[in-house]
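Please look through the structure shown below, together with its sequence, before reading on. The paragraphs that follow begin with the chain as a whole and then turn to particular side chains.

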Amino acid sequence: MAGIENSVLEHLRPLRGQLDRVGQDIGARKGRRGRLEAGRAQIRVTPAGQSLRPGRLDARVTRIEKRLDLVDG
């Protein structure tokens with residue numbers, strides 16, 4: 001019986017090592033995926049913030065023009 005147990009353990013040891021490597025690979029992939037998702041979210045946020053700027057810029061330029069008496073106000 002001990003011989004069978006040893007034989008089974010000998011077969012399980014390499015599988016355990018492979019399983020550990022697979023776990024490490026999955027962990028690395030999750031980390032990379034998280035960074036990609038964060039970057040993708042930032043790309044989506046940036047254009048939204050930039051679309052608001054022209055409106056505010058126009059209002060600021062109008063105020064400056066009025067202060068400098070460049071336009072009728």
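Of the 73 residues of the protein chain, 0% count as buried, a figure that, like the others here, is computed from a predicted model. The secondary structure of the chain comes to one helix and zero strands. The accessible surface of the protein chain is about 7,100 Å², and 57% of that area belongs to carbon and sulfur atoms.

Part of the surface forms a nonpolar patch of about 620 Å², to which Met1, Ile4, Val8, Leu9, Leu12 and Leu15 contribute. Leucine 15, one of these residues, is found in helix H1, which covers residues 2–67.

Turning to charged side chains, a search of the whole structure finds two salt bridges. In one of them the side chains of arginine 29 and aspartate 25 meet at 2.9 Å, taken from N to O; both residues lie in helix H1, four residues apart, or about one turn of the helix. Aspartate 25 has a relative accessible area of 34% and is therefore partly exposed.

Which residue does the side chain of glutamate 37 meet in a salt bridge? The partner is arginine 33, with an N to O distance of 3.0 Å. Glutamate 37 and arginine 33 are separated by about one helical turn, because they are four residues apart in helix H1.

Technical notes
Residues numbered from 1 in each chain as written. Predicted model: local features only at pLDDT ≥ 70, side-chain atom pairs only at ≥ 80, totals over all residues. Heavy atoms only, no water. Helix = DSSP H or I, 4+ residues; strand = E, 2+ residues; numbered from the N terminus. Buried < 20%, exposed > 50% of the residue type's maximum accessible area, 1.4 Å probe, protein only. Areas by Shrake-Rupley, 256 points an atom, 1.4 Å probe, with all protein chains shown as cover. Patch = residues over 30% accessible without salt bridge, like charges linked within 9 Å, V, L, I, M, F, W, Y side chains within 5 Å. Salt bridge = Lys/Arg side-chain N within 4 Å of Asp/Glu carboxyl O.
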